[in-house]
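Trainee: I have the sequence and the model open. Can we go through the terms one by one, and test each against its definition?

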Amino acid sequence: MLHIVHNEDPPGDISEPAITFPYEPDAFQKHAFRHLEDNHHLLVTAHTGSGKTSIGEYAIGKAIRDGKKVVYTAPIKALSNQIYGDLKRKYPTWDLGIKTGDIDLNSNGQAVIMTTEILRNYLFKSSPELENIGVVIFDEVHYIKDRDRGAVWEESIIMMPPQIQMVLLSATLPDAEAFGQWVATCKNHPVSYITTSRRVVPLTH
């Protein structure tokens, strides 16, 4: 079932949040945190610069708090490197790792950033690296529409073990509601869809 979340509605309070931020989160972020705590799969579409990364950070913090591992996937090696560097600076106490075709650092860590192809290969092989994973974050999930590489995202979602929570993030996903409904049907598990129409970083000449 797809739950479409309305940002005008007040989100439920979280008694012990996994992360507290040094700023007041936006309404769509608060809703995302609440639905993560409710163990729904989560689909978030929001404009670039609006704060989707904070939702990924909260998902990592939740997994670490709950004693689970977490995988953060990105479609491009350079983006994986950037995410790893940013998280390493912001959360120096986290047990972070990175695994791409070029880099393999602490890939048995509690939170590992990797390219989506590597995750897909783990799923194909039922790899032991998947043990105790609580959350998988798909950044830039609109790559599922890519003619050459989209099957990697489709196969990863289809093969994802049912106990693993998925967080799907994108700024430019077309037909997001239909995609969210497909995920909900495919996994037989609730998916919360959260979006925002407000462009925080305006496009002006």
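Predicted model: local features only at pLDDT ≥ 70, side-chain atom pairs only at ≥ 80, totals over all residues.

Trainee: What makes a space a cavity and not a pocket?

Mentor: A 1.4 Å probe fits in a cavity but cannot get out, whereas a pocket is an open set. The largest cavity here has a volume of about 100 Å³.

Trainee: Which residues line the largest cavity?

Mentor: There are 14 in the lining, and V71, S107, V112, M114 and E129 lie nearest the centre. By class, eight are nonpolar, four polar and two charged.

Trainee: Which elements supply at least two residues each of that lining?

Mentor: They are β3, β6 (111-115) and α4 (116-125). The largest share comes from β3, with three residues.

Trainee: Now the open space. How much lies in the largest pocket?

Mentor: About 390 Å³. Its lining has 18 residues, and those nearest the centre are K52, T53, Y72, Q82 and D139.

Trainee: Which helix gives the most to the pocket lining?

Mentor: Helix α3 does, with six residues. Both α2 (52-65) and α3 (77-90) supply at least two. The classes are six nonpolar, six polar and six charged.

Trainee: T53 is one of the residues nearest the pocket centre. Why is T53 called partly exposed?

Mentor: Its relative accessible area is 46%. Buried means under 20%, and exposed means over 50%. The value of 46% falls in between, so T53 is partly exposed. T53 has its place in helix α2.

Trainee: How far is T53 from E154?

Mentor: In sequence they are 101 residues apart, and in space 22 Å, C-alpha to C-alpha.

Trainee: Now take T73. Why does T73 count as buried?

Mentor: Its relative accessibility is 0%. T73 lies in strand β3.

Trainee: What is T73 in contact with, leaving aside neighbours within four places in sequence?

Mentor: M114, T116, L119, V136, I137, F138 and D139. Contact means heavy atoms within 4.5 Å. One of these residues, F138, stands opposite T73 in β7.

Trainee: How do you know that β3 and β7 pair?

Mentor: Two strands pair if there are at least two bridges between them. Five bridges join β3 (residues 69-74) to β7 (residues 133-138), so the pair qualifies. The two strands run parallel.

Trainee: What holds paired strands together in general?

Mentor: Strands of a sheet pair through backbone hydrogen bonds, either parallel or antiparallel.

Trainee: What is the strand order in the whole sheet?

Mentor: Nine strands form an open sheet in the order β1-β9-β2-β8-β7-β3-β6-β4-β5, with mixed pairing.

Trainee: What makes β1 and β5 edge strands?

Mentor: Each pairs on one side only. These are β1 (2-4) and β5 (104-105).

Trainee: Which strand does β1 pair with, and over how many bridges?

Mentor: β1 pairs with β9 over three bridges, running parallel. H3 stands opposite S192 there. β9 also pairs with β2, in the parallel sense, over five bridges. In that pairing H41 stands opposite V191.

Trainee: Is β9 mostly covered or mostly open, and what shows which?

Mentor: Mostly covered: four of its five residues are buried.

Trainee: What makes α1 a mostly covered helix?

Mentor: Nine of its eleven residues, within 27-37, are buried. Among them are F28, H31, F33 and L36. The cover includes β2 (41-45), α2, β8 (165-170) and β9 (191-195).

Trainee: What comes just after α1?

Mentor: N39, with a positive phi of about 65°.

Trainee: Last topic, the cores. What makes a set of residues a nonpolar core?

Mentor: The members are buried residues of listed nonpolar kinds, joined through side-chain atoms within 4.5 Å. The largest such core has 32 residues. L42, I55, I60, L87, I113, I137 and V167 touch the most other members. α2 gives the largest share of this core, five residues.

Trainee: How many residues are in the second core?

Mentor: It has 29 and is separate; M114, I164, L168 and F179 are included.

Technical notes:
Residues numbered from 1 in each chain as written. Heavy atoms only, no water. 1 Å grid on protein atoms, 1.4 Å probe; cavity = no way out; pocket = protein on both sides within 12 Å on 5 of 7 lines; lining within 4 Å. Points joined across faces, edges and corners; volume = space filled by probe spheres on them. Nonpolar A, V, L, I, M, F, W, Y, C, P; charged D, E, K, R; others polar. Buried < 20%, exposed > 50% of the residue type's maximum accessible area, 1.4 Å probe, protein only.
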